[in-house]
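Hi,

Here's the structure I said I'd pass along. Have a look at it first, then read on for my notes.

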Amino acid sequence: MTITREIITKLEAWKSAPDRSPLIIQGARQIGKSWVVTEFGKTRYRNIAVFNFDKQTELKGIFEKTKDVKRILGELELYTNAPLLEEDTLIFFDEIQECKAALNSLKYFKEDAPNYHIIAAGSLLGVAVSRKTGKRDEWESNNGLNDTFPVGKVSFLEMYPVTFREYLRMSDSVLMKQLESRLTNLEPLPEILFNKLTEQYRRYQICGGLPKPCSDMLDGTGMDKIENDLAELRKSYEYDFTKHVETKDIPRIREIWRSIPSQLSRENKKFIFRVVREGARAREYESALDWLVLSGMVYRIYVCETPRLPLKHYEDTTAFKIYMLDQAILRTMAELPPEAVIAKGDLLKEFKGAMAENFVLGSLLAQGFHSPHYWTVSGNKAEVDFLIQDGIEILPIEVKAEDNISGQSLKVYQEKYSPSIRLRFSMRNLKSDGNILNIPIFLCDWLKDILLLLSIRK
């Protein structure tokens, strides 16, 4: 099944912008970047011309021998059947990180040919265009991208795996409409609606947001197909370690990657290097961890013991948690069968909690909450899973995988900082209890809508 992606709306806004720049789409491999851009080109333009620098290695020579845009366009026309027309043709540079000269050329398209519509994407662009700090400088220097990136001449758009909101729209459009008609207020959902949404959420937790297994679930192809596709995706991610990384870093990246289920299975999910390997030291693994983060394959969130604005200023970069880009990849790496996700109760309590947190974090990032943190007090006597910034407010978020909402962390946070509202995601119905708003976890993708309703009510 073809999954309609909400990023298309953002691409339409880019297309119609009066001061449009070439657009770079960042995101991990296998999340559908190439498909989305190609579909956008086919449906919103008269023509689309796709140039893949991984498959068509001869393209690199065009950009390496000239910076003249007209000459570049003239030679590119030899590699496509589509006319390269201003306004009417979408030019798509795929896997552009394979050609630093092509990446550099984007600034000349902006300066000398601004009426051409150009989108670039690539599996490891997050690494290639990262800010030059610490160990990241070393990686960029090795790849020759330091002095060629078109700073100030391009726009960026982050892309993430398929969200539950996108999944639900394709799975049951009637249920989607019933839900959104109810979200005009903050009243509990009818039991029959709540139960149907819970079932859809469980199914999504099993397949995750990577397009191939997600489509399998929507098509009803069976669990064996879903599990096989997830296994193949894991293999392809690990293949990236050997293809794009220096030989000396491959073992360390693989060790960190494979340790993540163990890291998240613990009650205290703070990332610990000795869990990666006995005796491991941070300085030995920092660059390997940076590579995973910048590739988009894992998410890193830092602790913030003093929740003040701006959160970034008060974060402690020595203490952090690591999550997977997709909760289904996390599940299969831990060899957790699908039936364990569906089972109620305290079965595999800690790991189901990790999957729930992974789901919520992915949802927050996809909605534009770019720098979630977490909060803890000395001795880990209390811990809030996420802190997000909403305007000038800092909102604490607690995540519960099921309907057991016991715990004192939100209470401790309230006593210390008196936030205007505390958010709890769980498998309980939508309900306000003092300044705690309990939100069914399957409504996480609608958090911005819910916060807007709350602001209107004030």
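Predicted model: local features only at pLDDT ≥ 70, side-chain atom pairs only at ≥ 80, totals over all residues.

Let's begin with strand S4 (residues 117-121). 5 of its 5 residues are buried, so the strand is largely enclosed by the rest of the structure. Both of its faces are covered. His 117, Ile 119 and Ala 121 are buried on one side, and Ile 118 and Ala 120 are buried on the other.

As for its neighbours, S4 runs parallel to strand S1 (residues 23-26), with 3 bridges joining them. Here Ile 24 has Ala 120 of S4 as its bridge partner. S4 also pairs with strand S3 (residues 89-94), again in the parallel sense, over 5 bridges. In that pairing, Ile 91 is partnered with Ile 118 of S4. To get from S3 to S4 the chain passes through helix H5 (residues 100-112), and this β-α-β crossover is right-handed.

Strand S11 (residues 422-426) is worth a look too. 5 of the 5 residues in S11 are buried, so this strand is largely enclosed by the rest of the structure. S11 pairs in the parallel sense with strand S10 (residues 393-399) over 3 bridges, and Val 399 stands opposite Phe 425. The chain goes from S10 through H20 to S11, making a right-handed β-α-β crossover. S11 also pairs with strand S13 (residues 436-440), in the parallel sense over 5 bridges, where Arg 422 stands opposite Ile 436.

Now the rings. Searching the whole structure gives 27 aromatic pairs. One of them is Tyr 413 with Tyr 417, a tilted pair at 5.0 Å centre to centre with 50° between the planes. Why are these two separated by about one helical turn? Because they sit 4 residues apart in helix H20 (residues 409-417). Tyr 413 is buried, with a relative accessible area of 2%, while Tyr 417 is partly exposed at 31%.

Ring pairs also link Phe 164, Tyr 167, Tyr 201, Tyr 204, Phe 359 and Trp 446 into a cluster.

Lastly, some charges over rings. The charged end of Arg 300 sits over the ring of Phe 320, 5.7 Å from its centre. The charged end of Lys 321 sits over the ring of Tyr 374, 4.4 Å from that ring's centre.

Cheers

Definitions and conventions. Residues numbered from 1 in each chain as written. Heavy atoms only, no water. Phe/Tyr/Trp six-rings, centres within 6.5 Å; stacked < 30°, edge-to-face > 60°. Buried < 20%, exposed > 50% of the residue type's maximum accessible area, 1.4 Å probe, protein only. Lys NZ or Arg CZ within 6 Å of the ring centre and 35° of its normal. Pairing = 2+ DSSP bridges. Right-handed = clockwise from strand over helix to strand, strands pointing away.
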